[in-house]
Amino acid sequence: MGVIVVAAGFGTRLGAGMPKALVEIDGEPMIVRAVRNAAAAGCTGTIVVVAPDGHLEQFAALVGQRPIIVAGGAERTNSVAAGLAALPPDIEIVLVHDAARAGAPPELFDAVAQAVCSGPDAVVPGLPVPDTIKYVDADGTVTDTPDRAFLRAVQTPQGFRRAALERAHRSGRSATDDAALVERLGGRSVVIDGDLRAMKVTTRADLDAVERLVAHESAGPTTPQTQRKCTT
Ligand SMILES: Nc1ccn([C@@H]2O[C@H](COP(=O)(O)OP(=O)(O)OP(=O)(O)O)[C@@H](O)[C@H]2O)c(=O)n1
Ligand SMILES: C[C@](O)(CO)[C@H](O)COP(=O)(O)O
């Protein structure tokens, strides 16, 4: 299995004055934490890190020898495509992960990989949505209130049959997640249980929340970060 860790965004909404993947959580850059968690999953073979153009050497020094490092593009979709192009040809299952979700644990990578092996084109971890969601039109008039029992807030890593992901990227479309590209071409995409630790750092408030989550975890019993067995 290959894992593409997209880390080429600049983190405008966080406003840290550096690429977001270099911002530290508990004293460790997000890219280091994300790659360590991906590498600890038993199913992981090749790792590709997609870094901001102009920062490749800096990222290579942080993540060590194992990952392949490539430059990203203007949009997240372009960065995923760059990572996909760098994967060795024999890899058939691909996970796409945001460095901004650095706390996603190794067991989530393995759960996604195993679910892909059971048949669908795309597998997405997701959590129930606690708020009531409204569809609104341009002037704010509510056009619908979907039943939240059928809604999930989706995370990464998202897993794919490589052929389905490549086909989706060849469509030339853009989307905020890769599964949507697969779904638009009629691919079967399924949601499995997500994990709170995979929350995304977008704003300063998110970074503070993740720091609190990590502090809370390190105060309790720890999960050993040993190499896990892959059953796919
Ligand atoms: N051109 C881009 C844009 C985003 N990403 C990556 O996609 C993930 C999710 O994107 P987001 O959280 O929106 O990150 P940024 O684009 O950095 O944030 P912002 O929109 O605030 O600038 C991040 O790990 C980010 O590094 C990427 O590799 N290439
Ligand atoms: C892929 C993603 O993390 C799933 O929730 C999300 O869609 C990324 O969106 P962003 O706007 O690039 O943060």
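Two residues are taken to be in contact if their C-beta atoms, placed from the backbone, lie within 7 Å. By that criterion, and leaving aside neighbours within four places in sequence, Ala-7 is in contact with Ala-21, Ile-31, Val-49, Val-50, Ala-51, Phe-59 and Ala-99.

The structure is a predicted model, in which local features need pLDDT of at least 70 and side-chain atom pairs count only at pLDDT 80 or more, while totals for chains, interfaces and linings use all residues. Residues are numbered from 1 along each chain as its sequence is written, and chains are lettered from A and ligands numbered from 1 in the order in which they are written.

Ala-7 also belongs to the largest nonpolar core, which has 62 residues and in which Ile-4, Val-5, Ala-7, Ile-31, Val-49, Val-50 and Ala-99 touch the most other members. Such a core is a set of buried Ala, Val, Leu, Ile, Met, Phe, Trp, Tyr and Cys residues joined through C-beta atoms within 7 Å; a residue is buried if 20 or more other C-beta atoms lie within 10 Å of its own, exposed if 12 or fewer, and partly exposed in between. Helix H4 (residues 106-117) gives the most to this core, with seven residues; helices (H or I, at least four residues) and strands (E, at least two) are DSSP runs numbered from the N terminus.

The axes of helix H1 (residues 30-39) and helix H2 (residues 56-63) come within 9 Å and cross at roughly 50°, which makes H1 oblique to H2. Angles under 35 degrees count as roughly parallel, over 145 as roughly antiparallel, 65 to 115 as roughly perpendicular and the rest as oblique. In this pair, Ile-31, Val-32 and Val-35 of H1 meet Phe-59, Leu-62 and Val-63 of H2.

Helix H3 (residues 76-86) is mostly covered, with eight of its 11 residues buried. Those buried residues pack against the elements tabulated here.

| Element packed against by buried residues of H3 | Residues |
|---|---|
| Strand E1 | 2-6 |
| Strand E4 | 47-51 |
| Strand E5 | 68-71 |
| Strand E6 | 93-98 |
| Helix H5 | 162-170 |
| Helix H6 | 178-184 |

Some loop residues complete the description. Asp-26, in the loop between strand E2 (24-25) and strand E3 (28-29), has phi near 50°, a positive value in a residue other than glycine, and is partly exposed, with 13 other C-beta atoms within 10 Å. Asp-147, in the loop between strand E9 (142-144) and strand E10 (152-154), counts as exposed, with 8 C-beta neighbours inside 10 Å. The peptide bond from Thr-156 to Pro-157 is cis, with omega near 10°, and Pro-157 is found in the loop between E10 and strand E11 (158-161).

Note on methods. Axes fitted to C-alpha atoms, helices over the stretch in contact; angles between N-to-C directions.
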